[in-house]
Amino acid sequence: MVVKKDIADLIEQHPIFLGLERRYLEFIAACATNVRFDEGDYLFREGDPADTFYVVRHGSVVVEIFVPERGGVPVQVVGEGDVLSWSWLIPPYQAQFDARCATLTRAIAFDGKCLRGKCEQDHDLGYELLKRFARIMIQRVRATRIQLLDVYGHGRAR
Amino acid sequence: MAELAERSDRAFPAFLRPHTVTGVERETADTVTLELVPVGSGRPAFAAGQFNMLYAFGVGEAAISISGDPTRAGPLVHTVRAVGSVSSALCSLRRGDVVGVRGPFGTPWPVEEAAGCDVVLVAGGIGLAPLRPTLYELLARRSRFGRVSVLYGTRTPADLLYRGELRQWRGRFDLDVEVTVDHAAAEHFDNVGVVTRLIPRAAFDPDETVAMVCGPEVMMRFSVRELLVCGVPAERIFVSLERSMRCGVGLCGHCQLGPRFVCKDGPVFRWSEIAPLLEIREL
C-alpha cells in the first residue's frame, strides 16, 4: 500500500527535526517546498548566497570543488536522507562548494534565510537547530579527517 | 601415500607444502588474486577468516588471508597486495610457478554465531579479501540469516577488488552492497566519502546484528565506533587484526598483543575482548 505523506510528516520524521516542538515543526514546514532536479543540475555553486538547505529524498548529489584544469573534484556524495548545506546557518551565508546532481534528485528545500530570521527572534529554536546542524558538521569533519589519513594507502598485504 | 601426507598436514599445519600456481588474476595495479593447487594432495579445509603463510621461495614468507570459497572444492585462493618484498614476489608469480603454503591458521569469522541475525560486513581496501569467504558462506546458506549488508570502501575507483563479483552481488535482491571511495574523479558518481558514512545508512536491527569489520586498523576503529553509535553491542562486533605474523602457531611472539597472539588467538577477535588491548599504545 502506498502511504502518501505530506511535507510536514516527512519533516517530522527526519532525524534533523525529530523531537522538535510542534510549533517549530509547523513553522519549518511552512518554509519548505518539494523540489526536483535533473542529472547535471546544480543546486548551488561555490560563492552563491546560502539561503536554502536541502534534505535529499531521492537521488544523489555530488559536493565538489572546482579546480582549474581538473574540473569539479568530488569531496562527498550525499544521498537519500542526507542534509545538504549548513552554510545557511553560519555567516557569511555563502555556499562553500558546488552541489551537482549525479542523478535525478528529489529533495525538500528549506528557506534558510527565513529560518535564520526566526532563529534570531527565537533563540530556543536557534539553539536547537544549531545543535542539530553542529552534529552533522562534526560527522562531516570526522569523515574528512579519516579521508585525510589515506588509510588505504599503506601497509596491509592481505 | 598422498592420503598419509594429507593426514599429517592436517595434524601439523605448520608443515610447508608446495603448491602450484594455476591462476593469476590482476585485481588492481598492485593487487593480484592467486589460485593455488597443492602438489600431490587435496586442498585442506579452511574456515572463513583464516590465513595461510605463503612462502615465496628465495624471498620469504608472509601471512595472507584466504579469499576463496570455503563451501566449494577447488584451488586455494589468496588475494595479495604488493607492499613489501615478499608480497611483491607473490604478486609477480605466474601460472606454473610453485610456492610454499603453511596453514590454515587462526580463528574464523563467527558465521555460526550470526545465524538468525542481520549481518553487516564492513570492508576497507584489501580488507574485502578476508571477508569474501564469509560472504560466500552467508550466500550459500542465505535463508539462515536476516538482512545482509556489505559496506565496502577503498581509496579510489581503481582500487576496487572483485569488480565482476561486486556487480553480481549488487544485482542480488537478498543482499545490500554499498561501495564508496575516498577520492574520485568527476566522472565517478557513486559514493564518495569514507566507509564509516555507509554504516548509519545500512538497514539492520542493531540488537540482532553481527558485524564483521576488516581493513586498516584505524578504519576498523572508526567503523566500530559508528557501529556502536548505531546500537550494535560490542560483543557482536568482530574485527580481523593484522600484526607481523611469522610462525603462525603462537610460538615466536612476533604478533603478540599483550597476552594474545594474533596468529593463534586471532586474527578474528570479538571487539569487546580486544578493544582494551588496542587502547594500550605501547603494545
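Here is a short chat about a predicted model with chains A and B.

Student: Hi! Let's start with chain A. How many helices and strands does chain A have?
Tutor: Chain A has four helices and eight strands. Reading from the N terminus, the elements go α-α-β-β-β-β-β-β-β-β-α-α. Keep in mind that this is a predicted model.

Student: What does the C-alpha trace of chain A span along its principal axes?
Tutor: The trace spans about 55 × 40 × 35 Å. Chain A has 158 residues, and 32% of them count as buried.

Student: And which share of its contacts links residues 24 or more positions apart?
Tutor: For chain A that share is 72%, taken over the contacts with a separation of 6 or more.

Student: Switching to chain B now. Which domains does the assignment give?
Tutor: The domain assignment of chain B gives domain 1 (2-105) and domain 2 (118-240). Their C-alpha centres lie 25 Å apart. The contact takes 15 residues from domain 1 of chain B and 14 residues from domain 2 of chain B.

Student: Which elements of domain 1 give two or more residues to that contact?
Tutor: Those are strand S1 (17-28) and strand S5 (76-81) of chain B. By class, this side of domain 1 of chain B has four nonpolar, eight polar and three charged residues.

Student: What's the strand order in the open sheet of chain B?
Tutor: The open sheet of seven strands runs S10-S9-S8-S7-S11-S12-S15 in chain B, and the pairing is mixed. Strand S10 (191-192) and strand S15 (268-270) of chain B are at the edges with a single partner strand each, so one side of each has no neighbour in the sheet.

Student: In which sense do S7 and S11 of chain B pair?
Tutor: Strand S7 (residues 118-124) and strand S11 (residues 209-214) of chain B pair in the parallel sense, over six bridges. B:Leu121 stands opposite B:Met212 in S11(B).

Student: Which strands does helix H3 of chain B lie across?
Tutor: Helix H3 (residues 128-140) of chain B lies across S7, strand S8 (148-154), S11 and strand S12 (237-240) of chain B. Helix H3 of chain B runs at about 155° to S7(B).

Note on methods: Residues numbered from 1 in each chain as written. Chains lettered and ligands numbered in written order. Predicted model: local features only at pLDDT ≥ 70, side-chain atom pairs only at ≥ 80, totals over all residues. Domains from an automatic or database assignment. Contact = placed C-beta atoms within 7 Å. Nonpolar A, V, L, I, M, F, W, Y, C, P; charged D, E, K, R; others polar. Pairing = 2+ DSSP bridges. Axes fitted to C-alpha atoms, helices over the stretch in contact; angles between N-to-C directions. Buried ≥ 20, exposed ≤ 12 C-beta atoms within 10 Å, placed from the backbone.
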